[in-house]
Amino acid sequence: MIACWVTMIVCTCCRSGVCADAATTAGNRLQAAAVRFGITPDKVIKTNTAKLPKEAEIAGPLKTTVTLLDDGQTRVCVICCDWVKIPRNVTQMFRRAIAIELKIREEQVIFFASHNHSDTSLIMNEMGGFEWGLPPYQGPTAQLNEIGNELLARLISSVRELESQLQPVSIWWAVGNEDRITYNRKGRRADGSTFMMREEDRVLQGVDFRGDIDTQAPVVVFKNEAGQPVVAWVQFAGHPVTSFSPEIPVVFGDYPQVACDVLGKKLGGESEVPVAFFQGCAGDVNSKEMFRGGVKRAIEFGEMLGQSYVDALPKLQKSERNDLAFAATVAELPLGPLPTEAELQRDLDEIEAFIRRARNGDEETLHCVGLNFPRDLSPAYRAGLVDRVRMWTAWALELRQAGGETELPKVLPVELWVFRVGDVGFVGMPLEPFLGIGRKLRRNSPLPLTVPCGYANFTMGYIPDGPNIGDREYMSSFHRYTAAEDKNIRPRPPLDLPGGDVIADEGVRVLTQMAGESTR
């Protein structure tokens, strides 16, 4: 048996001034165990992304992969699932229950959602995006529905079994390439304005337009002493929306699930190896054929990505380090001023006129206050999308008129979960990060491979990097979707420069600290 050292940083201090306790242990060997399971609902009347106009088609299970890492002294549990997000009050409940079961701290249980839009709701009392606004978040205690209860029960039974299945592992990694299934969905007009590019806009850009995308498809494989894979982790950046259409609902794991199945079968044959998918910085990147592709094309895209992972396997290299580090930290993003009273009043007038026209069935309701909408969505659906912007604009205008904007906070705290597995660093972000954030993390990280991951534990919505601050299309101006009728949801002011770049800087700072940890 080859001796190795495992390092676990259970806490760290960060530049933002938010600190946690820090400790380092060494001398124990990394062990891993994993399981992958699927849940197929009998009936779905509501998804995480929309109230359904009709019952959803059930096209397949939604899968979850649970990985348990243990160095003999500290444990980390990583859970990757085929949901668009796990609401904050649900992850709080799940992480607490799993932490109690494993006798670890809640922060050492980390959920990653693939951001698959073709999912199903887990709770009966969902508050639309209460984690999108300003903390503290005042969401209700989650009341799980049938699917939520089944998922929690499967998670608990899984971690109990994994404890007895832990085995020594080595770490192997490679980077594949995939450039066929995604496109950059932030369009730019000649006048400098921006728009969200859906499929009907994409095809106007030319044959098989893709724009600026992230083509990296990293693979990390944990092998036991016999050289057999125990679990594999993969990542890719692109909203899984090929099987998704909000007015024609379906339940399916979209391309990430298919890609994981392809790699799992390649690694394990009939005894499929569990594979976990981490979504990358997909804030401005979609899978192709949004609203139009359906399940058939989502399967084809998943098979393409899965083959890209398989093609990377001959390039697997053994990590020089075989240790583990983990840290929870906080980045503080600067918040900017509200628009002027005149700007807000002009927007509110435009919004209210748009909603009246859309509710009357006007098919030409395609643009409003910098937002654009496709003909693939009905005018009534478009009106619903704009109504939340109306609530934010009315809130901001009222605050301006009352002189209360000076009482707004100046920073938005963002929790991060950073861990290093051998030579590979992961940065988990509870948001929809733009590509630029991930690129800055990778460019400045000292590690041989860095994997930026969005949708960790919950999501605060879209966070743009510095160059995208101030634009008005859906993703860059997402703060306008952070208001709701529920007064427990506190709307968020716009981000100021350098925006999400602060997250990249903090992630690099922690990774640099981890890279300098000594191993023996």
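I take a pocket to be, on a 1 Å grid over the protein atoms alone, an open set of points with protein on both sides within 12 Å along at least five of seven lines, and a cavity to be a set of points where a 1.4 Å probe fits but cannot get out; lining residues have an atom within 4 Å of a point. The model is predicted: local features need pLDDT of at least 70, side-chain atom pairs count only at pLDDT 80 or more, and totals for chains, interfaces and linings use all residues. Residues are numbered from 1 along each chain as its sequence is written, and side-chain values use heavy atoms, with hydrogens and water left out.

**Entry 1. Second largest pocket**

I looked up the second largest pocket and noted a volume of about 410 Å³, a volume being the space filled by probe spheres set on grid points that are joined across faces, edges and corners. Its lining comprises 25 residues, and Pro339, Gly470, Asp471, His479 and Pro494 are those nearest the centre. I sorted the lining by class and recorded 12 nonpolar, 6 polar and 7 charged residues. Here Ala, Val, Leu, Ile, Met, Phe, Trp, Tyr, Cys and Pro count as nonpolar, Asp, Glu, Lys and Arg as charged, and the others, Gly among them, as polar. Helix 6 (341–359) and helix 7 (379–402) each give at least two residues to this lining; helix 6 has the largest share, with 3 residues. Helices (H or I, at least four residues) and strands (E, at least two) are DSSP runs numbered from the N terminus.

I next traced an open sheet of 5 strands, in the order 5-4-3-1-6 and with mixed pairing; two strands pair if DSSP finds at least two bridges between them. Strand 5 (109–113) and strand 6 (167–168) each have a single partner strand, so one side of each is left without a neighbour in the sheet. Strand 3 (residues 62–70) and strand 4 (residues 75–81) are antiparallel, with 7 bridges. I noted that threonine 65 has cysteine 80 of strand 4 as its bridge partner. Helix 1 (residues 88–102) lies across strands 3, 4 and 5 and runs at about 140° to strand 5. Contact means heavy atoms within 4.5 Å; axes are lines fitted to C-alpha atoms, for helices over the stretch in contact, and angles run from 0 to 180 degrees between N-to-C directions.

**Entry 2. Second largest cavity**

Strand 3, strand 4 and strand 14 (275–279) each supply at least two lining residues. By class, I recorded 5 nonpolar, 2 polar and 3 charged residues.

Strand 20 (residues 411–421) and strand 21 (residues 424–428) are antiparallel over 5 bridges, and valine 421 stands opposite valine 424.

**Entry 3. Salt bridges**

I counted 34 salt bridges, each a side-chain nitrogen of Lys or Arg within 4 Å of a carboxyl oxygen of Asp or Glu. In one of them, glutamate 225 and arginine 29 have their closest N and O atoms 3.1 Å apart. Glutamate 225 is in the loop between strand 11 (216–223) and strand 12 (229–236), and arginine 29 is in the segment before strand 1 (31–39), 196 residues apart.
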